[in-house]
Amino acid sequence: MDDFEKELIADFFVEANQLMDDTEQALLSLERNNQSTDLVNEIFRLAHTLKGSSRAVGLGEVASFTHELESLMMQLQKGQLKVTSPLVTLLLECNDHVRMMIGGLTENLDATYDSSKLIEKIKKGLIQK
């Protein structure tokens, strides 16, 4: 990996941490104001940005997981799912998982993570309309 690639990934880690902080705050606000389409849209945008940025720097595992999260948020945007306390809890759990992945990748770019249980929960959320 050359210096340019190292710098891109380092910048991604800074951006990703900020995106996760912003997502957590938006989710906590959504829990208090579950009718806010602005918050749903903001959380979707944050997930979309994280997905695209992680894919751009070659972190496919993060991109794949955030794609699942983005799909769930899209269902909320379309009104096909309602914001409930269990759903917000799941979204917070997903945000924590991404935070853990990013933290681990900061230390070891070859680290891998099992996201299957959370993806299963996300998919269940998608079908419980």
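# Notebook: salt bridges and a charged patch

**Entry 1, R99 and E24.** I started with a pair of side chains: R99 and E24 meet in a salt bridge, with 3.2 Å from N to O. I looked up where the partners sit: R99 belongs to helix α4 (residues 85–107) and E24 to helix α1, so the pair ties together parts that are 75 residues apart in sequence. A reminder to myself that this is a predicted model. Next I checked cover. R99 has 24% relative accessibility and counts as partly exposed; E24, at 26%, is partly exposed too.

How many salt bridges does a search of the whole structure find? I got six. I then went through two further pairs.

Is E68 buried or exposed? I find E68 buried, because its relative accessible area is 16% and the cut-off for buried is under 20%. K123, in turn, is partly exposed at 41%.

E93 is in helix α4 and K121 in helix α5, so I noted a link between distant parts of the chain, 28 residues apart. Both partners are partly exposed: E93 has 32% relative accessibility, and K121 has a relative accessible area of 38%. I also looked for shared partners, and found that salt bridges join D21, E24 and R99 into one network. That brings me back to the R99 and E24 pair of my opening entry.

Which residues gather in a patch of negative charge on the surface? My list reads D2, D3, E5, E7, D11 and E15.

Stepping back, I counted five helices and zero strands, and the order along the sequence is α-α-α-α-α. The radius of gyration is 15 Å, close to the 14 Å that the globule rule gives for 129 residues, so the protein is as compact as a globular protein of that length. Along the principal axes, the C-alpha atoms fill a box of roughly 45 × 25 × 20 Å.

Terms used:
Residues are numbered from 1 along each chain as its sequence is written. This is a predicted model: local features need pLDDT of at least 70, side-chain atom pairs count only at pLDDT 80 or more; totals for chains, interfaces and linings use all residues. Side-chain values use heavy atoms; hydrogens and water are left out. Patches are made of residues with over 30% relative accessible area and no salt bridge: like charges are joined within 9 Å, nonpolar side chains (Val, Leu, Ile, Met, Phe, Trp, Tyr) within 5 Å. Accessible areas come from the Shrake-Rupley method with a 1.4 Å probe; for residues, only the protein chains shown count as cover. A salt bridge is a side-chain nitrogen of Lys or Arg within 4 Å of a carboxyl oxygen of Asp or Glu. Lys and Arg count as positive and Asp and Glu as negative; His and the chain ends are not counted. The place of a charge is taken as NZ of Lys, CZ of Arg, CG of Asp or CD of Glu. Helices (H or I, at least four residues) and strands (E, at least two) are DSSP runs, numbered from the N terminus. The radius of gyration is taken over C-alpha atoms; the globule rule is 2.2 Å times the number of residues to the power 0.38. Buried means under 20% relative accessible area, exposed over 50%, partly exposed in between (1.4 Å probe, protein chains only).
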